[in-house]
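The sequence and structure are shown first.

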Amino acid sequence: MSDTTQSGPVLAADGTPLKRSLARALRMQKVRALMLIAPLLIFILLTFILPIADMLFRSVENRIVSDTLSETVVTLRDWDPITGEAPDEAVFESLYYDMFVAAEAKEHTKLGTRLNYEQTGISSLFRSSGRKLDDIGEDHVKALEKAGDGALKDEALWFEIMTGGSSGAGDSALLEAQRTKMAQLTGEDFSADIGFVPGAEISDLFPRMAMAYTDFALFTAVMDEDTVSEEDPWETVFVAFAQEVQAPGGAEKLAAYTGPGAAELTAAAEALAGLEPVSFKASFLDLDEDWGDVGNWRTIQTYSPTYTSGYFLNSIDMQKGTDGAEARPENQQIYITLFKRTMFMSLVITASCIVLGYPVAWILANLPTRSANLLMILVLLPFWTSLLVRTSAWKVMLQQQGVINDVLVWLGLVADDARLVMINNQFGTIVAMTHILLPFMILPMYSVMQTINPTYLRAAKSLGATNWTAFWRVYFPQSVPGIGAGSILVFILSIGYYITPEIVGGTKGVFISNRIAYHISSSLNWGLAAALGTILLAVVLLLYWAYDKIVGIDNVKLG
Amino acid sequence: MKLRNLTALAATTALCAPLAFAADMADEMTIVSWGGAYSNSQIKAYSEPYAEKTGVTIINDESSAEAVAKLRAMNEAGNVTWDVVDVVAADAMRLCDEGLAMEIDPDEHLAAAPDGTSAEDDFGDLLVSDCFIPQIVYSTTFGYRTDLVGDTPPSKICDVFDLEAYPGKRALEKRPINNMEWALLCDGVAKEDVYDVLETEEGQEQALAKLDTIKDSVIWWSAGADTPQLLADGEVVMGSTYNGRLFSVIEEQKQPVAMLWDAQVFDLDGWIIPAGLSDERKARALDYIYFATDTQRLADQAKYISYGPARASSAPLVGQHAELGIDMAPHMPTDPNNAQNTFLYNYEFWADYRDDIDAKFQAWLAK
């Protein structure tokens with residue numbers, strides 16, 4: 001009795017408060033349960049959720065432009081397309097150095113492909129310009145190489161110049177910046193020691209040349225796995241030197257330079273005397289006059305940010321115009337039509353599955369077990385046949401020289417020259433897909449109908465209800481959960497259907513998923529495919545939510 | 001000291017031996033192609049003799065239709081499982097652009113012709129991409145039902161657009177490429193101006209307007225096997241497809257079908273090697289390519305399928321069909337009689353305009 005009078009919490013056998021002890025036991029149970037499902041959870045997460053999330057993320061991701069043309073997108077920010085003029089020299093200068101590195105890394109064609117989705121012609125513009133980049137500043141490079149009996153053709157001397165000799169201080173900030181840039185461009189790891197640090201003096205006097213050489217050094221050491229001091233520097237280094245020494249104040253800078261190779265550089269600079277300073281804009285326009293096209297530059301500028309709404313706009317028949325989003329030209333609008341058509345046809349298919357499936361499910365549920373099993377096998381039989389075979393069989397049935405038309409002609413119901421068109425249109429898709437998806441409707445209906453007690457019907461009839469009233473007021477309401485489950489299954493399956501519409505749909509019977517498949521496997525526009533897929537997913541979730549609000553998801557039974 | 005040197009030497013040899021072996025070639029390879037009769041012809045002409053010669057195990061995969069997308073996915077996953085892939089030239093160019101295919105120097109990696117002509121000259125203009133080794137020239141052209149076209153069989157491409165003379169359905173591919181060119185050609189545009197016209201908005205409208213005149217009589221196909229089936233069933237009176245498919249309908253299945261070679265569009269099919277293979281797999285792939293694209297081997301393939309070999313030096317060696325025993329030369333798209341009026345697939349143009357025109361074409365189809 002003394003226990004009950006004791007104040008304070010109730011204690012467990014081991015002296016801890018009972019509440020805490022209970023909580024711990026429950027937690028243990030939860031953890032154990034979690035561990036039991038952990039394999040499945042991890043499996044689903046890794047093989048299902050993550051890949052889908054990654055794919056959907058592509059619908060907004062647009063790193064490629066800023067990764068490939070990292071400097072150009074910055075200098076291009078100040079350009080205003082309204083002027084109707086191509087950007088100025090500074091942008092073309094950035095473009096040259098960006099493009100050169102990108103072409104070495106073979107990344108420029110990827111960017112060309114990406115931008116070609118938005119502006120026709122950019123693909124070949126990038127491909128051909130990447131091939132001809134050496135033409136830019138060609139005379140300057142030749143003059144520099146010839147100067148002083150080819151003194152500057154010595155790769156060891158260049159290495160010496162760019163490191164500033166053994167005593168000079170290094171500019172490691174530049175090195176780190178270029179490391180990050182190269183890593184973003186190629187997607188490779190550039191953190192390794194490359195045996196080169198740009199000299200502080202040279203990088204201060206000739207920043208562009210130091211940058212170009214650092215890019216070259218990083219690329220040579222990491223991508224080509226060669227020793228920097230044993231390789232000829234890229235043309236960009238020569239062009240950068242020519243550009244900087246011929247710029248106003250360049251000669252003074254050179255005169256102030258006292259580091260290694262000063263004599264050779266001075267001699268080389270003299271060799272440039274007869275040449276005009278490099279004009280990047282003029283050179284690019286020489287390569288391809290499309291570089292003067294405002295539309296191309298506007299596209300690069302519009303798609304500079306790391307994330308873009310462009311794919312989503314595209315998938316609802318819009319595009320990024322000069323003043324924000326605008327409708328696409330009418331002759332390119334297709335996706336809204338396809339979304340609507342997909343919804344409409346999926347509804348029709350679901351409805352025809354209900355109409356055809358309900359009587360079958362009813363018979364299945366009310367026959368004696370033996371005959372019901374036989375019928376059940378007939379329902380399941382299509383499941384055991386390949387989808388392609390079933391779809392092709394419909395082709396044989398429905399085509400103009402097909403079985404149904406032949407029979408109709410033989411019966412004299414249809415004239416031989418007026419055979420019915422039943423395939424390669426919406427009708428064909430609806431028929432074939434209804435057939436293919438029918439089991440998904442029948443099975444849930446059947447299992448729900450099996451649980452309906454037949455005595456209710458008898459009770460209704462004995463109370464004076466007609467057959468119809470008994471069915472409609474007593475039986476049907478109880479079978480609704482089965483219809484609901486079957487409809488959700490069939491509708492969601494048909495919304496994402498692809499192969500059957502492709503084969504029997506012709507032009508009017510194809511779904512949005514056919515375009516998604518096209519963009520995944522043919523046009524390689526995965527961003528657009530991801531955006532279309534995301535919208536489709538959102539629509540399905542929205543309909544599911546609406547269904548829950550209107551009918552109630554508790555009202556769905558699979559058995 | 002001496003002992004230590006010896007052990008060091010032994011260790012080096014022991015280390016080197018497996019290294020030397022590893023630097024050798026892989027003894028298994030996966031070859032990807034299109035399947036069907038085409039893969040068969042490659043297996044008979046290339047793979048079987050190669051496996052016999054080297055003892056390598058060859059796995060055949062039939063995924064060429066999705067090769068670009070799959071290679072891109074493999075590359076992103078960092079695990080490329082294919083060694084040699086058969087693709088059409090347009091796909092090879094895209095793979096090259098995307099950095100998914102390896103660049104191959106024809107003179108370094110391919111056999112010279114028997115008369116000593118370098119590989120580069122032997123293939124000539126057909127080397128349309130740095131990553132691509134052409135293998136065959138095929139053409140997309142029309143076949144028609146001889147029993148359904150009346151007394152004057154179609155002889156010109158424009159007969160396809162003539163519903164009065166040749167009523168009935170036609171099968172066309174469900175994409176703008178080729179169809180747009182044919183439409184313009186039959187709308188009075190001169191052959192050399194076709195692409196200049198097609199570059200413009202009005203030109204594209206013009207082509208679609210011409211296609212509009214037969215739109216209701218067209219069945220659109222997406223797989224190469226569709227048209228032969230539609231022709232055999234009598235669903236269409238004429239249809240476009242690859243010439244090899246028509247050859248098998250006409251000569252192997254003996255269907256009442258004949259060829260309409262006018263304005264056939266040449267295209268190339270050939271090999272690429274995926275980028276990022278290990279050294280031994282790359283060595284094996286290059287070795288296979290060297291073997292499979294020499295003059296004799298390319299001519300051998302024509303024994304099994306009616307596609308023209310891509311090497312100039314192979315043409316005279318083309319003989320008879322391996323089973324039917326008929327001369328293959330007259331069935332080649334490159335045969336002078338067949339090649340009186342031809343088009344060459346314009347790779348540069350379609351690389352640029354494909355997305356744009358396809359969007360318009362699909363929107364037009366859906367209307």
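Asp317(A) counts as buried because its relative accessibility is 5%; buried means under 20% relative accessible area, exposed over 50%, and partly exposed in between (1.4 Å probe, protein chains only). The model is predicted: local features need pLDDT of at least 70 and side-chain atom pairs count only at pLDDT 80 or more, whereas totals for chains, interfaces and linings use all residues. Residues are numbered from 1 along each chain as its sequence is written, chains are lettered from A and ligands numbered from 1 in the order in which they are written, and side-chain values use heavy atoms, with hydrogens and water left out.

Asp317(A) sits in the loop between α18 (310–315) and β1 (318–321) of chain A; helices (H or I, at least four residues) and strands (E, at least two) are DSSP runs, numbered from the N terminus. Its phi is near 60 degrees, a positive value in a residue other than glycine. Asn424(A) also has a phi near 60 degrees, again positive in a residue other than glycine. Most residues other than glycine have a negative phi. The loop that holds Asn424(A) lies between α22 (403–411) and α23 (426–450) of chain A.

| Residue | Relative accessible area | Class |
|---|---|---|
| Asp317(A) | 5% | buried |
| Ser39(B) | 9% | buried |
| Asn424(A) | 23% | partly exposed |
| Met397(A) | 32% | partly exposed |

Met397(A) belongs to helix α21 (residues 387–398) of chain A. Not counting residues up to four places away in sequence, Met397(A) touches Gly402(A), Val403(A) and Ile404(A), where contact means heavy atoms within 4.5 Å. Gly292(A) is 105 residues from Met397(A) along the chain, and their C-alpha atoms are separated by 58 Å.

**Chain B**

Chain B has 14 helices and ten strands. Its C-alpha trace spans about 100 × 45 × 35 Å along the principal axes. Of the 367 residues in chain B, 56% are buried. Among contacts in chain B with a separation of 6 or more, 75% are between residues 24 or more positions apart.

Ser39(B) is part of helix α2 (residues 36–54) of chain B. A polar atom of the Ser39(B) side chain lies 2.8 Å from the backbone nitrogen of Gly35(B). Beyond its neighbours within four places in sequence, Ser39(B) is in contact with Ser33(B) and Trp34(B).

Helix α14 (residues 347–366) of chain B has 20 residues and reaches 26 Å from its first C-alpha to its last, close to the 28 Å expected at 1.5 Å a residue; the expected span is 1.5 Å times one less than the number of residues. At Tyr353(B), α14(B) bends by about 60 degrees, the bend being the angle between axes fitted to the seven residues ending there and the seven starting there. The helix α14(B) is mostly covered, with 17 of its 20 residues buried.

**Interface between chains A and B**

Contacts link 36 residues of chain A with 38 residues of chain B. The two chains bury about 3400 Å² between them, 44% of it on carbon and sulfur atoms; buried area is the accessible area (1.4 Å probe) that two parts lose on being put together, summed over both. Five salt bridges are counted between chain A and chain B, each a side-chain nitrogen of Lys or Arg within 4 Å of a carboxyl oxygen of Asp or Glu. One salt bridge joins the side chains of Arg58(A) and Glu76(B) (2.4 Å, N to O). On the side of chain A that touches chain B, α6 (108–116), α7 (122–132) and α27 (512–521) of chain A each supply at least two residues.

Key: Polar contact = N/O pair within 3.5 Å; in protein donor to acceptor, adjacent residues only side chain to side chain.
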